[in-house]
Amino acid sequence: MSELKGKIDFTLFVSVTNANPNGDPLNGNRPRINLDGYGEISDVCIKRKIRNRFQDLGQRVFVQPDDRADDGYGSLKERAEGCEELKKEISKKKKADRDLCARIACREWIDVRSFGQVFAFKGDDVSFGVRGPVSVHQAVSLSPVDIISMQITKSVNSEAGKESKASDTMGTKHRIGFAVYKVMGSVNVQLAEKTGFTQEDAEVLKESLKTLFENDASSARPDGSMEVCRMYWWQHNEKTPAVSSGKIQRSFQMNDVSRPSKFEDYNISWELDGCVEPEVFDFV
């Protein structure tokens with residue numbers, strides 16, 4: 001395993017077609033929008049999809065949803081205790097070496113050494129945290145979005161003994177007609193050195209981002225309704241490049257489209273003097 005060569009920046013342009021990319025549970029599960037009407041996808045949602053791709057690529061992941069658990073554990077505490085080396089150190093209670101616990105956790109699970117994790121469980125005297133090198137911004141659409149709502153009904157009985165079908169049970173589904181979202185992120189070398197995030201891990205992350213929505217179909221996001229259209233990947237040679245991440249992300253140029261219907265409606269380009277050239281992956 002080799003050390004990370006240098007800082008990494010990345011940008012993805014993701015299209016959404018008749019889907020709900022990230023529902024807001026505090027707003028009837030409507031797609032998230034900001035006060036200016038631009039669509040948003042939370043960083044937590046994006047990290048969940050990255051973790052799912054890590055699993056699909058054969059990596060060991062600590063934070064797994066119940067429906068994708070692949071190791072037989074039903075909770076984070078059970079998964080942590082399933083690591084004998086970590087369990088043995090935690091059992092020392094106040095004498096436990098928290099730095100050693102963090103190193104064990106980072107070595108064991110790729111998402112811990114990528115995103116970090118807080119280990120604090122009820123009944124344990126030892127708690128510790130890991131700060132990860134991979135940061136992901138919340139995604140924002142390139143243009144304001146229109147939310148389409150559809151009323152639905154349930155026409156079957158949930159329980160036996162009902163005299164008639166409960167067809168008057170109403171519900172609502174929300175979706176975005178079409179939008180393109182910009183996802184940004186980076187990998188910090190100093191933190192990567194602490195967690196053991198390697199150049200090989202960076203390649204796994206790159207592959208996960210390129211295939212972000214594989215095996216992610218649901219009623220709200222039918223297969224093919226969300227896809228990565230283009231990806232930029234900057235592999236710097238320095239730990240702290242002369243060009244900041246903010247300047248890299250601000251250097252995108254694109255036309256203003258009020259009602260886009262396809263990714264090609266946007267003319268997206270990037271140019272910045274003094275910065276390493278990115279790898280560009282086009283998928284449309």
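**Exercise 1. Overall organisation**

Determine what share of the contacts in the chain with a separation of 6 or more comes from residues 24 or more positions apart.

*Solution.* 
Step 1. Contact means heavy atoms within 4.5 Å. With this criterion, residues 24 or more positions apart account for 70% of the contacts in the chain with a separation of 6 or more.
Step 2. The model is a predicted one, in which local features need pLDDT of at least 70 and side-chain atom pairs count only at pLDDT 80 or more, while totals for chains, interfaces and linings use all residues. Residues are numbered from 1 along each chain as its sequence is written, and side-chain values use heavy atoms, with hydrogens and water left out.
Step 3. The chain contains 8 helices and 14 strands; helices (H or I, at least four residues) and strands (E, at least two) are DSSP runs, numbered from the N terminus.
Step 4. The C-alpha trace spans about 65 × 60 × 30 Å along its principal axes.
Step 5. Of the 284 residues, 46% count as buried. Buried means under 20% relative accessible area, exposed over 50%, and partly exposed in between, with a 1.4 Å probe and protein chains only.

**Exercise 2. Cysteines**

State how many disulfides a search of the whole structure finds, and explain the result for Cys-106.

*Solution.* 
Step 1. A disulfide is defined as a pair of cysteine sulfur atoms within 2.5 Å. The search of the whole structure returns 0 disulfides.
Step 2. For Cys-106, the closest cysteine sulfur belongs to Cys-101 and lies 11 Å away, which is too far for a bond.
Step 3. Cys-106 is buried, because its relative accessibility is 4%. Cys-275 also counts as buried, at 12% relative accessibility.

**Exercise 3. Packing of α1 and α7**

Characterise the packing of helix α1 with helix α7 by angle and distance between axes, and identify the residues that make the contact.

*Solution.* 
Step 1. Axes are lines fitted to C-alpha atoms, for helices over the stretch in contact, and angles run from 0 to 180 degrees between N-to-C directions. On this basis, α1 (residues 43-56) and α7 (residues 199-210) pack at about 110 degrees, with their axes 9 Å apart.
Step 2. The two helices are therefore roughly perpendicular; angles under 35 degrees count as roughly parallel, over 145 as roughly antiparallel, 65 to 115 as roughly perpendicular and the rest as oblique.
Step 3. From α1, the contact involves Ile-50, Arg-53 and Phe-54, and from α7, Val-204, Leu-205, Ser-208 and Leu-209.
Step 4. These residues divide into 5 nonpolar, 1 polar and 1 charged. Ala, Val, Leu, Ile, Met, Phe, Trp, Tyr, Cys and Pro count as nonpolar, Asp, Glu, Lys and Arg as charged, and the others, Gly among them, as polar.

**Exercise 4. Positive phi angles**

Describe the backbone phi and the location of Asn-29 and of Lys-93.

*Solution.* 
Step 1. Asn-29 is not a glycine, yet its phi is positive, at about 65 degrees. Asn-29 lies in the loop between β2 (23-24) and β3 (30-31) and is partly exposed at 42% relative accessibility.
Step 2. Lys-93, likewise not a glycine, has a positive phi of about 55 degrees. Lys-93 is located in the loop between α3 (84-90) and α4 (98-108), and its relative accessible area of 48% makes it partly exposed.
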